[in-house]
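Follow the aromatic side chains, then turn to a pair of helices.

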Amino acid sequence: MTARKVILDCDPGHDDAISIIIAASKRSSLDILGITTVAGNVEVEKNTVNALKVKDLLGLDVPVVQGASRPLVKDSEIATEIHGESGMDGPVLPEPVSRKTDGHAVDFIIDQVKQSEEKVTLVPTGPLTNIAMALVKAPEIKRNIEEIVLMGGGTFGNWTPAAEFNIYVDAEAAKVVYESGAPIVMFGLDATHEVIATDDVQKQIAKIDNKVADFVSELLVFFGDMYQEHFGMAGGPIHDACTTMYLLKPELFGFKHVHVAIETKGEFTYGATAVDLLGVTGRIPNTRFAHEVDQEAFWNLFEEILESYGGVESHENT
């Protein structure tokens with residue numbers, strides 16, 4: 001069976017980093033064509049440095065290409081109160097040895113999709129700016145996109161009462177993507193809030209003795225503390241990890257095929273994803289909407305993934 005070709009478009013970000021770790025693990029059969037970065041959790045330059053740090057930690061040999069430095073229309077908005085000033089506060093990784101690849105993420109995405117003999121899956125876990133720009137610049141690439149597996153949105157918000165952060169940051173880009181006709185698999189807050197890294201989860205992960213698991217453990221402690229402080233939650237939901245967990249094991253999730261529209265004009269609802277669960281609009285479904293997770297199987301697989309990095313020495317042995 002041919003390995004599924006993917007491009008990870010991200011703004012690392014604690015849960016973005018975890019998503020990369022899942023995709024690159026020995027439990028994964030994904031063929032990572034590259035990692036592209038976008039302005040989101042913090043500025044795109046910081047997100048690129050974080051992607052390079054994770055790449056070096058994993059010994060991953062893929063290009064990292066920097067992308068959009070701001071949303072399509074409005075000013076940037078960042079989330080340092082959740083992810084810290086670096087965008088990946090908590091663990092301390094050395095400055096990256098590897099360097100970003102020349103060029104722009106949008107052109108990289110277009111080129112990779114065009115030249116691939118097999119269809120490519122795009123996996124955006126930040127604002128959808130790069131993906132929208134690629135679809136506008138080269139709409140013909142849609143024919144060679146297997147799926148756009150994204151984290152964003154939901155039937156409720158976390159950045160405003162109506163909007164989730166990734167969609168809110170660049171709702172105009174999200175509108176382009178959702179109206180593009182490309183196959184979309186959506187992991188919004190309805191699903192991602194079912195995978196909260198509670199104290200019990202953190203304790204299990206802390207038992208795994210390798211450098212990557214140590215890094216994830218430190219990420220989850222910081223992320224969990226921020227979610228407890230700002231949202232009163234019992235840990236950090238590892239939102240972005242749902243995308244790559246789906247690519248490894250789709251049966252972990254339950255889906256509904258629905259129409260999703262993006263609100264770009266509302267005074268209080270900008271960035272909302274209008275998920276037509278009851279089919280009241282009569283619009284043709286454009287999205288596979290994740291709405292449930294087999295939590296036990298999810299966390300069991302996640303532990304197996306981290307254990308697969310067992311050949312990498314832990315901090316205690318380095």
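F187, Y246, F253, F255, F298, W299 and F302 form one aromatic cluster. Rings of Phe, Tyr and Trp (its six-membered ring) pair if their centres lie within 6.5 Å; planes under 30 degrees apart are stacked, over 60 edge-to-face, and the rest tilted. The model is predicted: local features need pLDDT of at least 70, side-chain atom pairs count only at pLDDT 80 or more, and totals for chains, interfaces and linings use all residues. Residues are numbered from 1 along each chain as its sequence is written, and side-chain values use heavy atoms, leaving out hydrogens and water.

The whole structure holds 12 aromatic pairs. Take F187 and F255: their ring centres are 5.9 Å apart and their planes stand at 75°, so the pair is edge-to-face. It links distant parts of the chain. F187 is in strand β6 (residues 184-187) and F255 in strand β9 (residues 253-258), 68 residues apart. Strands are DSSP runs of E, at least two residues; helices are runs of H or I, at least four; both are numbered from the N terminus.

F187 has 0%, so it is buried. F255 has 22%, so it is partly exposed.

Another edge-to-face pair joins F223 and Y227, 4.9 Å centre to centre with 70° between the planes. Both lie in helix α10, 4 residues apart, about one turn of the helix.

Helix α10 also meets helix α2. V54, L57 and L58 in α2 contact K211, V212 and F215 in α10 (heavy atoms within 4.5 Å).

Definitions and conventions
Buried means under 20% relative accessible area, exposed over 50%, partly exposed in between (1.4 Å probe, protein chains only).
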